[in-house]
Amino acid sequence: MDFGFSDEQELLRAEVRKFLDRSAPLEQVRKIMASDAGLDRSLWGQMGELGWVGLSTPDEYGGSGLDLVTLIVLLEETGRTLFPSPLISTVVAAKAIELAGSDAQKALWLPGLAEGTTIGSFAYLESSDRHDLDGIELRGKREGDATLLSGTKQLVFDTASADLFVVAYRSAPERDAVSLALVEPGAAGLEIDHFPTLDATKRLGRLRFEDVRIEADRRLGEESAAGAVIAQLLDLGALLVTAEAVGTAEGAIATTSEFARQRVQFGSPIGRYQGVKHPLAEAHVDVESFKSLVYYAAWALDEGTPVASQAVSRAKAYASEVLPRIGLEGVQLHGGVGYTAEYDIQLYLKRSKWVRPAYGDADHHFEKLAAESL
Amino acid sequence: MDFQLTPEEEAFRAEVRAFLDENLPPAGERGPGFNQEWDAKVRARGWVGFSWPKEIGGGGGSIMEQVILKDEMAQRRAPALGSCFMGLAWVGPSLIEYGTPEQKVRFVPDILDSKYQWCTGYSEPDSGSDLASLKCKCVREGDEYVVNGQKIWTSIAMWSKWMILLVRTDADSEVKHEGITCLLVPMDSPGIEVRPIENMAGTSMFAEVFFNDVRVPVENRLGEEGQGWQVTVSALAHERSGIAEFHGLMHNLEKLKDLARRCKKNGAPAIEDPEIRRRLLRAEIKIEAMRLNGTRYLTKQLRGEKLGAETSINKLHRANLEIELGEIALEIEGGLGALKVGADAVPDDGRWQHMSMSWPEVVIGGGTPNIQRNIIAERILGLPKD
């Protein structure tokens with residue numbers, strides 16, 4: 001019985017933390033936020049070379065072949081420093097190809113995704129805002145051997161930097177008749193809009209398809225047979241977002257605690273007052289708790305246990321509710337300077353606005369759990 | 001990460017299960033002598049004081065075995081392992097660490113055999129959360145200590161034969177934690193008066209205890225004079241995963257869901273009400289988080305690390321849940337939620353009414369939620385002390 005990380009995993013954590021502290025402190029993060037694509041290609045390239053982007057991609061395709069439990073160590077660290085990168089998007093896109101792609105497709109795409117030279121993104125969400133198969137309405141119409149895609153994907157991650165979209169579409173009216181296709185940004189008939197976001201470290205956009213032609217070698221697996229894979233990708237996405245949220249919550253608490261130790265009012269550091277202490281303690285209780293839930297969910301997904309999807313939903317529901325609150329508390333406990341652009345705490349609050357809906361908000365995950373439990 | 005048990009651990013789990021199959025009849029089918037028989041049977045197995053060393057009569061169970069035993073017992077809602085509750089929780093561990101050989105022989109076997117009850121004389125009217133400020137006066141006269149003062153919130157004082165008592169032997173000590181001494185006191189000593197306190201649930205579980213020139217032989221001192229504070233903070237390595245609490249809370253939650261299926265809200269089953277659904281699911285997620293937090297504490301213990309302030313996290317969850325489950329229940333009951341235990345129409349024999357009136361036992365008993373928050377903020381987040 002052991003519900004903790006191995007020495008190797010802790011070593012990885014230390015390495016990632018050292019790398020990010022040195023190369024991407026918050027001053028640097030602010031510079032990346034101001035860039036067009038919201039990405040520092042050189043840092044991203046280094047992370048690829050270090051084997052971190054392809055951490056969970058099988059070794060025969062250029063990855064490190066490690067499990068999700070190891071991957072969440074990496075994400076906790078990128079979350080702590082609000083590191084802007086298309087890591088989550090690329091990992092989910094690579095997983096789609098790993099799960100549904102042919103050997104030829106894997107050989108063609110996975111090495112680039114693993115080393116970060118190809119940035120991927122999974123496009124599934126549409127105007128219904130549903131994070132499940134019913135939400136996939138983008139239409140795929142067969143034309144000979146090819147498929148024509150028409151419809152709109154919105155709130156797609158990292159549209160400004162992605163080189164490859166994994167697109168979920170509906171190939172027939174039945175609920176499960178969903179499919180996956182690979183689409184590159186330059187495809188004829190595809191329009192991409194990039195949205196400004198509250199959290200400039202996380203980019204979102206819209207893909208508009210009008211008869212975008214998908215040749216057979218760009219379809220992942222048999223048509224109308226991707227339901228199970230898409231469900232796995234949604235679980236994986238929710239897991240990764242929540243793992244990163246652990247680091248973000250801890251970063252917000254650490255930043256606010258440090259401020260509360262320094263800031264003196266009424267003759268004492270404000271951290272001495274229970275009005276400051278107690279909300280921070282509550283925040284710590286919450287992050288430790290959704291941390292336990294996300295660790296377990298990662299293990300359950302690795303093991304493929306039947307409860308894995310529920311475990312993911314518990315973690316994401318908890319995080320979706322508490323991270324926004326932790327951000328709000330952090331800004332309030334900073335007082336006036338919390339409202340300034342200069343202080344960092346506002347960046348954590350903004351991140352919570354991205355985390356809350358990403359891969360389903362609390363409401364979505366509560367109702368998913370209710371189907372099993374109520 | 002690995003949730004597998006070793007073959008030895010699996011074998012122990014099977015042994016506990018077999019014992020329960022044989023010796024634990026369903027709740028409705030237990031005769032009047034059941035509790036006594038149960039105490040004797042689990043004692044014979046060495047499962048009373050299971051975390052205590054074998055030399056002293058305990059079970060010598062490893063951390064993992066303790067978890068397995070509690071897990072199985074709690075899943076089946078078995079009675080406690082031994083019914084000398086305070087003796088097992090507080091007195092025994094202190095005796096094992098600080099008792100003289102005579103004291104150990106005199107008291108430990110009786111605790112393990114559930115012979116009589118102990119109570120703990122710690123809190124005072126002016127020393128609750130700030131326990132170390134206690135003032136109960138104690139002066140040595142020859143071979144005796146003379147105690148004058150008052151204790152309060154002393155659980156089961158009226159049914160106890162002995163008390164483990166904290167007194168102030170040095171009123172001038174600069175550090176308040178020093179100058180405290182621990183005594184073992186027979187409750188029939190002349191000068192002791194016990195006045196039960198009625199709680200808001202209408203029952204009396206705790207009492208005020210008054211000491212008026214109570215004489216206690218020096219041989220009944222546990223540890224040295226002035227060492228009382230350390231004496232009561234046991235360093236025994238017992239598991240703290242809280243696995244039994246998890247099963248208790250899940251049991252209540254399942255009952256609550258059942259209530260929500262039976263009761264109506266705005267004309268529809270309460271379980272279809274979006275707000276009730278959310279509150280039930282939020283509670284379920286928190287209970288699961290407690291289980292997993294506890295498993296992380298357990299891992300730390302198994303790796304030989306010491307547990308610190310992190311256990312306050314689950315104490316806070318437990319406190320919140322204890323209140324929240326009762327509140328959800330009364331809201332589900334609607335108008336019936338205003339009835340008292342014993343009322344004719346009260347749902348589920350009034351268990352929710354009882355819960356909603358007795359939560360302070362859990363919530364206040366082991367250190368109030370605000371104290372837990374202070375502990376987390378100061379010891380984990382490094383904020384300045386109050």
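This is a predicted model: local features need pLDDT of at least 70, side-chain atom pairs count only at pLDDT 80 or more; totals for chains, interfaces and linings use all residues.
Chain A contains eleven helices and ten strands, and chain B contains twelve helices and ten strands. The table sets out further values for each chain.

| Chain | Residues and buried share | Box filled by C-alpha atoms, along the principal axes |
|---|---|---|
| Chain A | 374 residues, 55% buried | roughly 80 × 50 × 40 Å |
| Chain B | 386 residues, 40% buried | roughly 75 × 50 × 50 Å |

The contacts within each chain can be sorted by separation in sequence. In chain A, 73% of the contacts with a separation of 6 or more are between residues 24 or more positions apart. In chain B, of the contacts between residues at least 6 apart in sequence, 70% join residues at least 24 apart.

**A helix pair in chain A**

Helix 9 of chain A covers residues 308–333 and helix 10 of chain A covers residues 345–355; their axes come within 8 Å and cross at roughly 160°. An angle over 145 degrees counts as roughly antiparallel, and helix 9 and helix 10 of chain A are therefore roughly antiparallel to each other. The crossing of these two helices of chain A is left-handed.

Which residues of helix 9 of chain A meet helix 10 of chain A? They are A319(A), S320(A), L323(A), P324(A), G327(A), L328(A), G330(A) and V331(A). On the side of helix 10 of chain A, the residues are I345(A), Q346(A), Y348(A), L349(A), S352(A) and V355(A). By class, the residues of this contact between helix 9 and helix 10 of chain A are nine nonpolar, five polar and no charged.

**A helix pair in chain B**

In chain B, helix 3 (residues 63–75) packs with helix 7 (residues 243–262) at an angle of about 15°, and the axes are 8 Å apart. Angles under 35 degrees count as roughly parallel, and helix 3 and helix 7 of chain B are therefore roughly parallel to each other. Their crossing is right-handed.

Helix 3 of chain B brings V67(B), K70(B), D71(B), A74(B) and Q75(B) to the contact, where these residues meet I243(B), A244(B), H247(B) and G248(B) of helix 7 of chain B. The residues of this contact between helix 3 and helix 7 of chain B divide into four nonpolar, three polar and two charged.

**Where the chains touch**

How many residues of chain A are in contact with chain B? There are 35 residues of chain A, in contact with 34 residues of chain B. Two or more residues on the side of chain A come from each of helix 7 (227–262), helix 8 (274–303), helix 9 and helix 11 (362–373) of chain A. Helix 8 of chain A gives the most to this side, with 15 residues. Sorted by class, the side of chain A that touches chain B has 19 nonpolar, nine polar and seven charged residues.

Definitions and conventions: Residues are numbered from 1 along each chain as its sequence is written. Chains are lettered from A and ligands numbered from 1 in the order in which they are written. Axes are lines fitted to C-alpha atoms, for helices over the stretch in contact, and angles run from 0 to 180 degrees between N-to-C directions. Helices (H or I, at least four residues) and strands (E, at least two) are DSSP runs, numbered from the N terminus. Angles under 35 degrees count as roughly parallel, over 145 as roughly antiparallel, 65 to 115 as roughly perpendicular and the rest as oblique. A crossing is left-handed if the near helix is turned anticlockwise from the far one by less than a right angle, and right-handed if clockwise. Two residues are in contact if their C-beta atoms, placed from the backbone, lie within 7 Å. Ala, Val, Leu, Ile, Met, Phe, Trp, Tyr, Cys and Pro count as nonpolar, Asp, Glu, Lys and Arg as charged, and the others, Gly among them, as polar. A residue is buried if 20 or more other C-beta atoms lie within 10 Å of its own, exposed if 12 or fewer, and partly exposed in between; C-beta atoms are placed from the backbone.
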